[in-house]
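Please read the following report with the sequence and the structure side by side.

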Amino acid sequence: MSDALRQSLDLSLFWEYRQVLLSGLLFNVYVFACSAVTALLVGLAAALLRVNRSWPFRWIGTVHVELFRNAPDYIMVVWVHFVLPLLLGAIIGRRLEFHPFVSAVIALGFVYSGYFAETFRAGIQAIPIGHVEAARACGMGERLILWRIILPQVVRRMLPEAVNQLVSLFKATTIVSLIAVPDLMYNVSMVTATEMRPLPLYTGAALTYFAVIWLAATGVRLLSERWRSKIYA
Amino acid sequence: MSNWERLVWNQRGVLLQGLAVTVEVCLIAFAVAIVGGLTLCLIRMHVRPLRPVAIVLIEFFRATPIFVQLMWVTYVWPELFGWPNSFFTAGWLALGLQSSGYLAETFRAGIEGIARGHREAGYALGMPPLLVFRRIVMPQTLLTVAPSIVNQFTVIVKSSTLISVITVQDLMFQAMKLVNVWYEPIEILTVTAALYILFVFLVSTAGKLLADRLRRRYGLAAA
């Protein structure tokens with residue numbers, strides 16, 4: 001026990017492989033950045049569908065949200081990686097294969113777009129209708145109203161929850177190792193396979209993720225709180 | 001014979017067996033999460049000397065990805081503590097620990113959301129602290145946090161797909177096994193995804209109905 005404990009606290013093996021592991025962590029960040037952009041854009045589109053005036057659009061938006069919010073990340077990643085290329089390939093009549101990175105970004109982007117859509121919708125609906133009516137009375141077009149009146153308020157109102165979801169998204173990027181995107185977890189399992197010492201490596205990985213996520217989440221929360229209070233003051 | 005019949009309907013026994021394992025693991029993990037979460041929350045709020053430990057544990061469980069935690073519990077804990085000794089145990093333990101961190105914060109929000117006056121009224125009537133906790137704080141907290149707890153169950157179900165990686169034979173594991181046998185992923189993976197989505201949808205809808213009902217009957221807003 002004490003030997004095992006010392007071994008897990010002695011992270012020198014982890015340090016030895018820092019370059020491989022750091023490049024893995026960078027891959028996590030790439031996947032995160034790309035899927036976050038996808039999720040925000042698709043989520044915004046779905047939210048706009050959900051508050052649309054005609055019901056077929058609302059219905060499509062609702063199906064999108066319920067489908068992706070209730071789907072486990074892992075099965076979606078696997079589905080996009082193995083099934084979607086076959087389906088698309090059958091449509092265009094050509095063999096198609098996705099790079100693991102592309103599959104990961106599509107899957108995570110769409111899954112999290114469901115969460116973001118709900119966040120955006122709640123934000124849009126929390127805006128008093130009077131603001132929109134006032135803008136219309138001033139002769140602003142629908143798009144201008146969206147960019148000048150609705151979105152600035154939505155962003156401020158929804159920032160804390162959006163940050164939480166971005167944190168979840170970053171955590172979800174660890175599963176892309178399962179379709180062989182060379183991220184931190186993937187590299188850790190590769191090194192473990194050759195070194196046969198899972199103890200320091202997995203402990204190091206857990207601590208690394210903890211440090212990165214905790215610092216990022218706390219930092220963003222502090223910064224955004226200041227920004228939000230400055231605007232409202 | 002269509003692919004659907006050959007690959008999915010004829011394999012329904014295996015898939016349902018996997019689904020049963022998924023449900024079993026999720027229920028055990030859920031129980032662990034509720035007990036663990038409440039314990040962590042109470043230690044954080046009321047046991048002064050252990051407070052930093054509880055905070056570190058809660059933050060650690062919340063800020064590490066479930067996949068990393070699962071690997072850590074599965075491969076590091078047996079060497080550190082000599083336990084868990086099976087992948088099945090490691091699976092529910094990791095899922096339960098992660099959620100206990102979240103539930104601890106949920107419980108805390110629920111307890112702190114109760115108006116001070118309620119507790120003070122209890123003390124004024126001469127109730128001892130434990131009785132105040134049992135009769136006044138806990139019943140209200142459970143009502144306000146019930147929807148969030150149901151929500152956490154959906155998180156557990158979604159994360160439970162990952163235990164297939166450590167060869168626990170849940171629905172995901174059986175589906176991937178069939179894919180590797182037949183090399184025809186379309187039907188199996190689509191059905192599996194649909195099953196998971198349906199399962200989570202039913203649970204989260206139940207949670208939403210529960211929240212609505214509590215709001216209408218007791219005028220409570222979910223914590």
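## Helix packing in chain B

At roughly what angle do the axes of helix α2 (residues 12–46) of chain B and helix α6 (residues 87–112) of chain B cross? In this predicted model, the two axes come within 6 Å and cross at roughly 45°, and α2(B) and α6(B) are therefore oblique to each other.

The residues that make up the contact of α2(B) with α6(B) divide into 18 nonpolar, six polar and two charged.

## Helix packing in chain A

In chain A, the axes of helix α3 (residues 18–50) and helix α9 (residues 142–172) come within 10 Å, and these axes cross at roughly 135°. That angle makes α3(A) oblique to α9(A), and the crossing of the two helices is right-handed.

Which residues of α3(A) meet α9(A)? Phe32(A), Ser35(A), Ala36(A) and Ala39(A) do so, and their counterparts in α9(A) are Leu166(A), Leu169(A) and Phe170(A). Sorted by class, the contact of α3(A) with α9(A) has six nonpolar residues and one polar residue, with no charged residues.

## The contact between the chains

The contact between the two chains takes 30 residues from chain B and 34 residues from chain A. On the side of chain B that touches chain A, the elements that give two or more residues are α3 (51–63), α4 (66–75), α5 (77–81) and α10 (185–218) of chain B. The largest share of that side of chain B, eleven residues, comes from α10(B).

By class, the side of chain B that touches chain A has 21 nonpolar residues, together with six polar and three charged residues.

## Confidence in chain A

The average pLDDT of chain A is 88, and 94% of its residues score at least 70. Where in chain A does the mean pLDDT of an element reach its lowest and its highest value? The lowest mean, 65, belongs to helix α1 (residues 2–9) of chain A, whereas helix α5 (residues 73–82) of chain A has the highest, 94.

## Backbone details in the loops

Most residues other than glycine have a negative phi, and most peptide bonds are trans. Against that background, Ala180(A) has a positive phi of about 70° although it is not a glycine, and Ala180(A) is found in the loop between α9 (142–172) and α10 (184–195) of chain A. Ala180(A) counts as exposed because it has 12 C-beta neighbours inside 10 Å.

In chain B, Tyr183(B) is likewise not a glycine and has a positive phi of about 55°; Tyr183(B) lies in the loop between α9 (171–182) and α10 of chain B. With 8 C-beta neighbours inside 10 Å, Tyr183(B) counts as exposed. A further detail of chain B concerns the peptide bond from Trp83(B) to Pro84(B), which is cis, with omega near 0°; Pro84(B) is found in the loop between α5 and α6 of chain B.

## A residue of helix α10 in chain A

Is Thr194(A), with 7 C-beta neighbours inside 10 Å, buried or exposed? Thr194(A), which is found in helix α10 of chain A, counts as exposed because it has 7 C-beta neighbours inside that distance. Thr194(A) and Leu86(A) are 108 residues apart in sequence, and their C-alpha atoms are 34 Å apart in space.

Note on methods
Residues numbered from 1 in each chain as written. Chains lettered and ligands numbered in written order. Predicted model: local features only at pLDDT ≥ 70, side-chain atom pairs only at ≥ 80, totals over all residues. Contact = placed C-beta atoms within 7 Å. Helix = DSSP H or I, 4+ residues; strand = E, 2+ residues; numbered from the N terminus. Nonpolar A, V, L, I, M, F, W, Y, C, P; charged D, E, K, R; others polar. Axes fitted to C-alpha atoms, helices over the stretch in contact; angles between N-to-C directions. Parallel < 35°, antiparallel > 145°, perpendicular 65-115°, else oblique. pLDDT = per-residue confidence, 0-100. Buried ≥ 20, exposed ≤ 12 C-beta atoms within 10 Å, placed from the backbone. Left-handed = near helix turned anticlockwise from the far one by under 90°.
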